[in-house]
Amino acid sequence: MIGSTVTIILFVIITLLSFAPIQLRGSFGPISVDKFYHVLAYFCFAFPLPLSRPKLTIWVALGVMVCGGLIELVQYLFGREPSWGDFIANGIGTILGVMIARQTGLWLCGLGERNVNDEPMNDAWLAKYSN
């Protein structure tokens, strides 16, 4: 329940910020501040649900990436410019978020030690180790 609530709150915040007329300048070495914030925002957006419900990891990743893509597509309606770079940064943040959340969630539940023969993310494995 808390994972869903946090995800919805982050969705609203990220959507509002995506349409706000904000211009970020500067960089962290080779990475621009704007792209860093995209990775960070989508990492946070993708993190809560797989942490509490590892079984939803793939669906959360797909949903968050589709959401990020749709936001990029409609930004021009709000005076912003859509960007492939932003979409890629969103995807990187999403993938990092769901991967780390899923592994952390399994570890917190005491399921981090699995047999070498277990194939992660197959139906039998998910049924055995998820909610």
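Visitor: Which residues form the nonpolar patch on the surface?
Guide: Val66, Leu70, Leu73, Val74, Tyr76, Leu77 and Phe78 form it. Bear in mind that this is a predicted model.

Visitor: How much accessible area do they have together?
Guide: About 730 Å².

Visitor: Pick one for me. Where is Leu70 found?
Guide: Leu70 sits in helix α4, which covers residues 57–74.

Visitor: Is Leu70 buried or exposed, and why?
Guide: Leu70 counts as exposed because its relative accessible area is 51%, and exposed means over 50%.

Visitor: Zooming out. How many helices and strands does the protein have?
Guide: Six helices and two strands. Along the sequence, the pattern reads α-β-β-α-α-α-α-α.

Visitor: What share of the residues is buried?
Guide: Buried residues make up 35% of the 131 in the protein.

Visitor: New topic: α5. How many residues does it have, and how far does it reach?
Guide: Helix α5 has 25 residues, 84–108. From first C-alpha to last it reaches 36 Å, close to the 36 Å expected at 1.5 Å a residue.

Visitor: What caps its N-terminal end?
Guide: Ser83 does. One of its side-chain oxygens lies 3.1 Å from the backbone nitrogen of Gly85.

Visitor: Which residues of α5 are buried?
Guide: Among them are Asp86, Ala89, Asn90, Gly93 and Gly97. Val98, Ala101 and Arg102 are also buried.

Visitor: Why do residues three or four places apart point the same way in an α-helix?
Guide: Because an α-helix has 3.6 residues a turn.

Visitor: Now Lys35. Where is it found?
Guide: In helix α2, residues 33–46.

Visitor: What is Lys35 in contact with, leaving aside neighbours within four places in sequence?
Guide: Ser83, Gly85, Asp86 and Ala89. Ser83 is also the residue that caps α5. Asp86 and Ala89 are on the list of buried α5 residues.

Visitor: How far is Lys35 from Asn90?
Guide: They are 55 residues apart in sequence. In space, their C-alpha atoms are 8.3 Å apart.

Visitor: What polar contact does the Lys35 side chain make?
Guide: One with the side chain of Asp34, at 3.0 Å.

Visitor: What is the relative accessible area of Lys35?
Guide: It is 26%, so Lys35 is partly exposed.

Technical notes
Residues numbered from 1 in each chain as written. Predicted model: local features only at pLDDT ≥ 70, side-chain atom pairs only at ≥ 80, totals over all residues. Heavy atoms only, no water. Helix = DSSP H or I, 4+ residues; strand = E, 2+ residues; numbered from the N terminus. Expected span 1.5 Å × (residues − 1). Buried < 20%, exposed > 50% of the residue type's maximum accessible area, 1.4 Å probe, protein only. Polar contact = N/O pair within 3.5 Å; in protein donor to acceptor, adjacent residues only side chain to side chain. Patch = residues over 30% accessible without salt bridge, like charges linked within 9 Å, V, L, I, M, F, W, Y side chains within 5 Å. Areas by Shrake-Rupley, 256 points an atom, 1.4 Å probe, with all protein chains shown as cover. Salt bridge = Lys/Arg side-chain N within 4 Å of Asp/Glu carboxyl O. Contact = heavy atoms within 4.5 Å.
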